[in-house]
Amino acid sequence: MPEPGPPQLTVVPGEAPGTVAVVGLLGDSLAGLPLETRKLVAQARLVAGGQRHLAAWRRWLGDRSAQEVGAKAVPTLALEGDLEGAVQALAHRAVEDGQDVCVLASGDPGFFGITRTLLRVLDRQRLRIVPAPSAVAVAFARLGLPWDDAVVASAHGRPLADAVRAVRLARKAAVLTSPEHPPQAVGQALVEAGLSMDLVAVCSRLGCEDERVIELDLAQLAHGRFDPLSVVVLVGPGGLQSVGWGTGPAGAAGGSLERSRTLAWGLPESAFAHRGGMVTKSEVRSVVLGKLALPAAGVLWDLGAGSGSVAVEAALVSPGLTVFAVEQDPEAAARVAENATTMAAGVHVVVGAAPEALADLPDPDRVFVGGGGIPALDAALRRLRPGGRVVATFAALDRAAQAAERLGRMVEVTVSRARRLPDGGWRLAGANPVFVAWGPADDEDAPAAEPGPSAQP
Ligand SMILES: C[S@@+](CC[C@H](N)C(=O)[O-])C[C@H]1O[C@@H](n2cnc3c(N)ncnc32)[C@H](O)[C@@H]1O
């Protein structure tokens with residue numbers, strides 16, 4: 001058998017006649033580009049790009065760094081309006097006429113950029129891509145944050161609702177804005193969606209002389225006016241603590257925060273700010289979290305959150321979950337947020353009453369119904385994702401029975417806490433029983449029916 005030869009390269013990138021150089025810019029200047037990249041721009045017979053990029057190129061022609069590489073005025077092509085037509089025209093120039101073309105773009109052209117459009121009409125071997133750092137990378141760098149765990153959504157020529165959906169499920173996100181969807185429109189959509197954020201920043205005109213990075217809150221984002229050429233950075237509840245943000249230098253205090261965290265559930269009620277006993281008791285919470293069988297990822301709703309103890313513990317036990325705590329009393333909702341912050345748990349607080357407040361939330365994989373009764377339970381069941389589970393607690397037997405009818409399984413949890421007697425002995429102090437219903441029951445798990453009278457011995 002003949003030995004397999006070395007792999008054959010049919011086209012050497014960039015060496016075929018009619019190369020399309022795609023050059024990313026950080027900001028609006030070509031002067032700082034490396035020598036090799038400037039030569040690439042200078043050798044093009046046609047320069048294409050957005051108006052902003054073409055204006056930057058024209059300014060650059062008067063600069064010494066352009067003269068150094070012999071850059072001269074050549075025809076330009078604006079990549080705006082009929083983008084497909086313009087891209088066809090530049091491809092024709094490179095492929096049919098064999099001319100070198102330069103496409104100027106912002107940041108990394110392969111990241112929400114022109115590369116994808118160019119590939120509709122050109123072989124990738126013809127492209128020679130020279131990226132600059134993406135505006136998203138620069139935005140996170142300016143804020144001193146890592147971003148390998150961030151979700152990036154574009155509001156550039158795409159519906160804002162898609163960006164909101166992506167942000168809602170992320171702990172850390174960046175949204176690319178545009179003239180039709182400037183930063184304030186993103187803010188309005190996020191406020192309407194009832195989201196809460198630990199950090200909001202608008203990073204505008206990055207790399208330009210008039211670059212601006214401001215930190216603000218969601219209301220200020222919604223009501224402000226910002227440059228459309230921006231990246232909006234959003235860090236959701238708990239997202240800052242997870243990188244030690246705001247907890248002291250070199251993660252010192254952050255480290256102690258991590259150490260003070262516990263993976264155990266069923267923390268004492270005193271661990272949560274609460275009022276009027278509106279906190280799920282420690283032992284009942286343990287049972288509830290067990291019955292919730294928390295997945296590693298997905299969406300959890302805590303309805304009638306009270307102190308938010310279930311939402312907080314669920315978020316701590318399963319940090320990959322996107323947790324929404326829905327609470328109608330604004331004061332209690334503020335306590336949920338306070339508890340989540342204190343415990344460094346990622347919880348979105350939604351102020352409103354179920355079922356109305358659920359309309360805009362993503363469908364859940366898990367729901368805890370601690371308040372809102374049977375109507376909240378029914379609303380949860382209507383929206384539950386396949387394979388999902390609802391757990392509900394009740395003090396009243398009649399309502400618990402209605403829940404058991406719907407969910408299929410129920411236990412009664414009676415807790416007696418041991419108390420010291422003055423003589424050093426112990427007594428048990430019984431609390432009111434709590435009914436915990438869960439389901440929907442699948443066939444295997446459903447409780448066996450009691451034997452009927454005819455089956456009795
Ligand atoms: C089509 S996307 C291009 C993204 C680009 N490929 C990148 O890697 O940064 C355009 C959006 O990127 C963001 N953007 C690009 N350049 C920027 C800059 N200098 N400052 C802030 N945002 C910028 C804006 O959100 C803009 O609307």
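Is Arg-120 buried or exposed? Keep this question in mind; the tour returns to Arg-120 below.

**Before starting**

This is a predicted model, in which local features need pLDDT of at least 70 and side-chain atom pairs count only at pLDDT 80 or more, while totals for chains, interfaces and linings use all residues. Residues are numbered from 1 along each chain as its sequence is written, and side-chain values use heavy atoms, with hydrogens and water left out.

**The whole chain**

Display the chain as a cartoon. Its secondary structure comes to 15 helices and 19 strands; helices (H or I, at least four residues) and strands (E, at least two) are DSSP runs, numbered from the N terminus. Of the 457 residues, 47% are buried. Buried means under 20% relative accessible area, exposed over 50%, and partly exposed in between (1.4 Å probe, protein chains only). Contacts are heavy atoms within 4.5 Å; among those between residues at least 6 apart in sequence, 67% join residues at least 24 apart.

**The ligand**

Zoom in on Asp-108: one of its backbone N or O atoms lies 2.7 Å from a nitrogen atom of the ligand. At Leu-206, a polar backbone atom is likewise 2.7 Å from a nitrogen atom of the ligand. Then select His-156, where an N or O atom of the side chain is 3.5 Å from an oxygen atom of the ligand. The ligand taken alone exposes 560 Å², of which the protein buries 92%; these accessible areas come from the Shrake-Rupley method with a 1.4 Å probe, and for residues only the protein chains shown count as cover.

**Salt bridges**

A search of the whole structure finds 16 salt bridges, each a side-chain nitrogen of Lys or Arg within 4 Å of a carboxyl oxygen of Asp or Glu.

- Select Lys-39 and Glu-36, whose closest N and O atoms are 3.6 Å apart in a salt bridge. Both residues lie in helix 1 (residues 35-42), three residues apart, about one turn of the helix. Lys-39 is partly exposed, with a relative accessible area of 39%, whereas Glu-36 is exposed at 55%.
- Select Arg-120 and Glu-84, which form a salt bridge with the closest N and O atoms 2.3 Å apart. This pair links distant parts of the chain, 36 residues apart: Arg-120 is in the loop between helix 5 (115-118) and strand 5 (127-130), and Glu-84 is in helix 4 (residues 83-95). To answer the opening question, Arg-120 counts as exposed, at 55% relative accessibility. Glu-84 counts as partly exposed, at 38%.
- Select Asp-28, Arg-59, Arg-205 and Asp-210, which are linked in a network of salt bridges.
- Select Arg-417 and Glu-283, whose side chains meet in a salt bridge (2.7 Å, N to O). Arg-417 lies in strand 17 (residues 416-420) and Glu-283 in helix 11, so the pair ties together parts that are 134 residues apart in sequence.

**Helix 11**

Finally, select helix 11, residues 282-292, and colour its buried residues: Ser-282, Val-284, Arg-285, Val-288, Leu-289 and Leu-292. Why do they lie on the same side of helix 11? They cover an arc of only 150° around the axis, the arc being that of the directions from the helix axis to the C-beta atoms. Glu-283 counts as partly exposed, at 29% relative accessibility. Just after helix 11, Ala-293 takes a positive phi of about 45°.

Technical notes
Polar contact = N/O pair within 3.5 Å; in protein donor to acceptor, adjacent residues only side chain to side chain.
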